[in-house]
Amino acid sequence: MAGRIHPEDLETVRERSRIDEVVSAFVALRPAGGGSLTGLCPFHNEKTPSFRVTPAKGFYYCFGCGEGGDVIGFVQKINNMGFTDAVEYLADRCGVQIRYTEGDGGPKHEPGLRMRVLEANAAAAEFFAAQLTSPDAVEGRRFLHGRGFTREHADHFGIGFAPRSGTALREHLLGKKFSRDDLVKAGLVRENGWDFFQGRLVWPIRDSGRSTLGFGARRLFDDDRMPAKYLNTPETLVYKKSHVLYGLDLARTHIGKKNQAVVVEGYTDVMACHIAGVDTAVASCGTAFGADHSRMIDRLMTADAHSGEVVFTFDGDAAGQAAALKVFSSDASFTAQTYVAIEPSGLDPCDLRIQSGDPAVRELVARRVPLYRYVMRNTVERFDLDRADGRLAAVRAAAPLVASVRDAALVSGYLRELAGWVGLNPDEVRAEVTRANARKVPDEPARVRGAAETPGATGAPGGADAPAETTQQALMELPDPRDRRLETERGFLKLAVQQPALFDDAWFGVVPDDFAHPSYARVFGVLAAGDRRAAGFAQAVVAGIDDAVGEQLVVALSVEPLYGEPTAAYAREYASRLRLATVTRRINTLKSRLQRTNPVEQQAEYNRGFAALLELEATRRSLQAAAVGEV
């Protein structure tokens with residue numbers, strides 16, 4: 001088990017990472033008054049700015065799509081990173097060396113190593129790019145030219161050349177004061193001292209924040225001692241092949257805006273697609289496209305991910321069909337709908353662009369078909385449909401595929417298509433699909449769209465095996481900020497989150513039961529349990545919620561404008577109004593109970609209720625006066 005980031009270092013990273021400076025690298029911000037900045041939200045399409053950054057609070061929030069959080073949350077979302085990677089990204093940016101508290105397996109890695117590896121990779125990328133114009137790189141330039149790429153294209157994608165000498169990169173980086181040990185850990189130099197890449201065309205592989213994580217290199221010379229056509233950086237601290245996608249740095253924003261990702265097979269295919277106008281293209285690096293890759297893409301879909309598209313391009317040969325079947329087998333890991341784009345001539349996007357130009361590449365993606373349809377069609381075509389037993393065998397082979405379709409609304413359409421392909425009555429096909437459903441393994445993961453979100457369908461929070469606390473957290477809902485009935489509750493919490501110092505230690509008598517909405521009550525419970533005098537109080541409340549909806553709610557409360565001048569007297573009045581609402585609810589409940597109580601037959605109970613009512617009425621009068629500042 002890796003160690004956790006030292007709390008002091010985490011707080012230092014937050015303090016040194018000004019959210020307006022970090023966000024402005026991705027969003028054009030302009031003053032919005034009250035110390036806030038505004039711009040177009042990077043997480044959904046909009047024409048009128050609804051995205052707001054409040055530097056004084058350290059939060060961002062979009063009033064259009066509801067995305068919000070602190071600077072670490074922004075980096076997680078915009079760069080498609082986990083929490084630790086986001087902290088390390090910011091630490092690298094502001095020059096903080098992260099320490100880790102020891103877990104079962106000790107520290108995660110030595111402090112500062114990640115920063116040094118990224119710096120070495122950046123220096124190596126510059127070196128490789130400069131070498132592309134050298135006399136030794138003529139073969140590399142000839143390769144690019146033969147595939148229709150210009151010098152401008154090479155510069156745009158950062159393509160470089162690794163010299164053939166075998167030690168040129170090592171000597172260059174040692175001259176820049178990088179240690180030999182760090183170069184080995186970065187995967188740039190082998191243990192024996194030779195450069196990892198020699199005599200090859202090199203592509204930098206970057207994350208969505210444009211940090212260079214590693215490289216992919218193509219063989220150019222027949223005497224290359226490495227037989228593999230393509231060679232990738234070995235697994236390092238920052239380069240994990242199952243967690244990187246080539247072209248993600250260029251495609252990230254476009255994937256979010258278009259709610260589509262196009263997955264191709266190689267570096268030159270990514271280049272060809274982007275140049276042709278398919279700017280959502282990415283490729284896996286040295287490994288098959290897997291579940292981790294699909295989760296990366298899903299997180300970039302800024303609209304409803306269920307309506308998003310992931311389009312795979314495959315060759316039209318047997319290998320391409322096998323690849324499509326492999327993707328289909330893991331289709332359940334996708335939130336977005338999956339499609340396949342096959343060029344009948346068997347050309348990949350790069351060769352297609354060379355032969356037929358940019359429009360042909362765009363047309364290839366436009367002709368995409370649902371992955372299910374493609375796989376079913378290929379399954380049916382394996383049988384002799386001129387024979388009755390062949391038709392029945394084809395239906396039985398394809399029935400499990402239809403039964404696994406996640407979007408239930410599409411099943412009827414696929415049934416009719418399958419019936420038409422094999423020449424059978426749709427009712428016969430439906431019966432076979434029904435039997436295929438019945439043969440499913442009981443604990444097989446649900447593949448019908450929406451089933452995975454049903455509590456108990458998976459091992460996710462809220463399922464049958466989830467602890468009670470997790471189940472309660474999964475039920476947290478986002479209150480409607482326009483609900484007039486909850487206006488006082490929201491106003492009080494905004495004031496408490498933004499100006500906690502205005503309240504006394506008892507929050508002027510407010511308790512969680514004063515909140516009618518359970519989400520507001522839970523936020524106040526966490527808020528009241530925290531140290532409101534500590535720095536980063538709002539961030540601590542966000543961290544204490546441990547619920548995505550709750551975090552979003554706290555961020556919204558921290559950036560929404562207040563209705564009046566924030567003073568202690570104003571805070572006391574707001575608390576009184578909130579408590580007044582609680583007392584009024586109790587009075588109404590008690591009156592209803594007294595009306596149902598017989599004062600003669602239940603005299604003792606009636607008298608206790610009446611006495612309680614008089615006490616509540618007195619409390620209400622007192623709170624009414626306090627709510628308007630009369631006490």
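At what angle do helix α23 and helix α24 pack, and how far apart are their axes? Good morning, and let me answer that after a few words on the model.

This is a predicted model, in which local features need a pLDDT of at least 70, side-chain atom pairs count only at pLDDT 80 or more, and totals for chains, interfaces and linings use all residues. Residues are numbered from 1 along each chain as its sequence is written, and side-chain values use heavy atoms, with hydrogens and water left out.

The protein contains 26 helices and 17 strands; these are DSSP runs numbered from the N terminus, with helices being H or I of at least four residues and strands E of at least two. Of its 631 residues, 48% are buried, where buried means under 20% relative accessible area, exposed over 50% and partly exposed in between, with a 1.4 Å probe and protein chains only.

I turn to confidence. The mean pLDDT of the protein, on the predictor's scale from 0 to 100 for each residue, is 81, and 85% of the residues score at least 70. Confidence is highest in strand β8 (residues 160-162), at a mean of 97, and lowest in helix α20 (residues 468-474), at 36. Over residues 441-475, pLDDT stays under 50. Where pLDDT is low, the predicted coordinates should not be read in detail.

Now to the opening question. Two packed helices are described by the angle between their axes and the distance between the axes. Helix α23 (residues 537-545) and helix α24 (residues 548-559) pack at about 160 degrees, with their axes 8 Å apart. Here axes are lines fitted to C-alpha atoms, for helices over the stretch in contact, and angles run from 0 to 180 degrees between N-to-C directions. The two helices are therefore roughly antiparallel; angles over 145 degrees count as such, under 35 as roughly parallel, 65 to 115 as roughly perpendicular and the rest as oblique. The crossing of α23 and α24 is right-handed, that is, the near helix is turned clockwise from the far one by less than a right angle, anticlockwise being left-handed. Ala538, Val541, Val542 and Ile545 of α23 meet Gly550, Glu551, Val554 and Val555 of α24, contact meaning heavy atoms within 4.5 Å. These residues comprise 6 nonpolar, 1 polar and 1 charged. Ala, Val, Leu, Ile, Met, Phe, Trp, Tyr, Cys and Pro count as nonpolar, Asp, Glu, Lys and Arg as charged, and the others, Gly among them, as polar.

Next, consider helix α4 (residues 83-94) and helix α5 (residues 113-131), whose axes come within 10 Å and cross at roughly 70 degrees. They are therefore roughly perpendicular to each other, and the crossing is right-handed. Their contact has 4 nonpolar, no polar and 4 charged residues.

Leaving out residues up to four places away in sequence, Phe508 touches Leu502, Phe503, Ala568, Ala571, Arg572, Ala575 and Arg579. Phe508 and Glu573 lie 65 residues apart in sequence, yet 9.2 Å apart in space, C-alpha to C-alpha.
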